[in-house]
Amino acid sequence: MIDRTVPQFEGELAPVVYRDRGVDLLDQNELPERTVVLRLTTVEELAEAIRTMRVRGAPAIGIAAAYGMVLAVDRAGTTVTLEDMEHAAQALRSTRPTAVNLGWAVDRMLGVFENLDGRSAEDVREALLAEARRIHAEDIEANRRLGRHGADLLPEGARVLTICNTGALATGGYGTAYGVLRAAHEAGRLGFVYACETRPRLQGARLTAWELLRDGIPFKLLSDGAAAYLMARGEVDAVLAGADRIAANGDTANKIGTYALAVAANHHGIPVYHVAPTSTIDPATPSGASIPVEERAEDEVLAVRGVRLAPDGALAWNPAFDVTPAELITAIVTETGVHRPPIDFRRKAIE
């Protein structure tokens, strides 16, 4: 049953929704201990929520950014200028650099605004809100479609290994790689899920486990370092991962640890599927070498949930993502279908 205290959109649990000139945002830093819904009414508040990962997942932060552009109009008064909108766009773009969906959504909203020159502030607001909700709805529909495409790739009774959180919490409300798990489970094809805990922020342990329990999907958590041994034991039929940016050649950025899973899976002859909507494809980025990889604070590695683990004086390196080369990826699954190597997304060749 859906918990009625959390935001919903089109009947799905949603990490972020717009309501009554503000954004209701499910604070993912508080899960699973507490369900906290934040009420945000300014672009600055929303940008800070993205920066501090209170909302995370490439599709979800793109949707959040779209609603952020609506907040900019809400606070602009009777006159909304291009300068106002570009200022809001810059505040949102500067939050997290790796996920391409954020910039894609902001650009789409700016495009709508630029076509409304001379319209009243309320007309502009209504048009932008309609576009943001369209982006949100399109993401859920894309996720449902890619979920079906991905489920068809799995054998009956599939034992699937996944990393990070790619479910409703990371998207508009259904899931990317997790959407494949949901679709396979609904079709009776899914046997079991192994979810990596996903250090250092434990999105697998905190968020994916929370969603798997809600959906009644059988699973076990494992430490990130145990994944290769699980493969060696013959207990994994496929690796499913999301994506934060897919380069034109198919190189894919995802949560740190994904590259290691792909290397191990290739060694053991296990297929690796990256699952994402086409909004995550960046044809302007030729290869993974050009993808900006966000580096986050050392404290995320040195401490867990505020409890210091490392001795005073210890330093840490904390890249939030890594890049898996296309040659290690069996296929990229989008709402348009299954894309196998050789990959060429330079002209958005994804229809």
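**Exercise 1. At roughly what angle do the axes of helix 4 and helix 5 cross, and within what distance do they come?**

Keep in mind that you're looking at a predicted model.

Step 1: Find the two helices. Helix 4 covers residues 100-114 and helix 5 covers residues 121-151.

Step 2: Look at their axes. They come within 10 Å and cross at roughly 145°.

Step 3: Check the handedness. Helix 4 passes helix 5 in a right-handed crossing.

Step 4: List who meets whom. From helix 4 you get W104, A105, R108, M109, V112 and F113, and these meet V124, A127, L128, E131, A132, R134, I135 and E138 of helix 5.

Step 5: Sort these residues by type. The contact has ten nonpolar residues, four charged ones and no polar ones.

**Exercise 2. Work out whether R96 is buried or exposed, and find which residues it touches.**

Step 1: Locate R96. You'll find R96 in the loop between helix 3 (82-93) and helix 4.

Step 2: Use the cut-off. Buried means under 20% relative accessible area. R96 has 6% relative accessibility, so R96 counts as buried.

Step 3: Collect the neighbours. Leaving out residues up to four places away in sequence, R96 touches I50, R51, M53, R56, L102, K255, E294, R296, A320 and F321.

Step 4: Zoom in on E294. The side chains of R96 and E294 are joined by a polar contact of 2.9 Å.

**Exercise 3. Which residues does a cis peptide bond join, with omega about 0°? Then look at the bond from R199 to P200: what is its omega near?**

Step 1: Most peptide bonds are trans.

Step 2: Take the bond with omega about 0°. This cis bond joins L31 and P32, and P32 sits in the loop between strand 4 (23-26) and strand 5 (37-40).

Step 3: Move on to R199 and P200. The peptide bond from R199 to P200 is cis, with omega near 5°. P200 belongs to the loop between strand 7 (190-196) and helix 7 (203-215).

**Exercise 4. Find the phi of T198 and of R305, then decide how accessible T198 and R305 are.**

Step 1: Start from the general rule. Most residues other than glycine have a negative phi.

Step 2: Read off T198. Though not a glycine, T198 has a positive phi of about 70°. T198 lies in the loop between strand 7 and helix 7. With a relative accessible area of 0%, T198 is buried.

Step 3: Do likewise for R305. R305 isn't a glycine either, yet its phi is positive, about 50°. Its place is in the loop between strand 14 (303-304) and strand 15 (307-308). R305 has 43% relative accessibility, so R305 counts as partly exposed.

Conventions:
Residues are numbered from 1 along each chain as its sequence is written. This is a predicted model: local features need pLDDT of at least 70, side-chain atom pairs count only at pLDDT 80 or more; totals for chains, interfaces and linings use all residues. Side-chain values use heavy atoms; hydrogens and water are left out. Axes are lines fitted to C-alpha atoms, for helices over the stretch in contact, and angles run from 0 to 180 degrees between N-to-C directions. Helices (H or I, at least four residues) and strands (E, at least two) are DSSP runs, numbered from the N terminus. A crossing is left-handed if the near helix is turned anticlockwise from the far one by less than a right angle, and right-handed if clockwise. Contact means heavy atoms within 4.5 Å. Ala, Val, Leu, Ile, Met, Phe, Trp, Tyr, Cys and Pro count as nonpolar, Asp, Glu, Lys and Arg as charged, and the others, Gly among them, as polar. Buried means under 20% relative accessible area, exposed over 50%, partly exposed in between (1.4 Å probe, protein chains only). A polar contact is a pair of N or O atoms within 3.5 Å; within protein, one must be able to donate a hydrogen and the other to accept it, and residues adjacent in sequence count only if both atoms are side-chain atoms.
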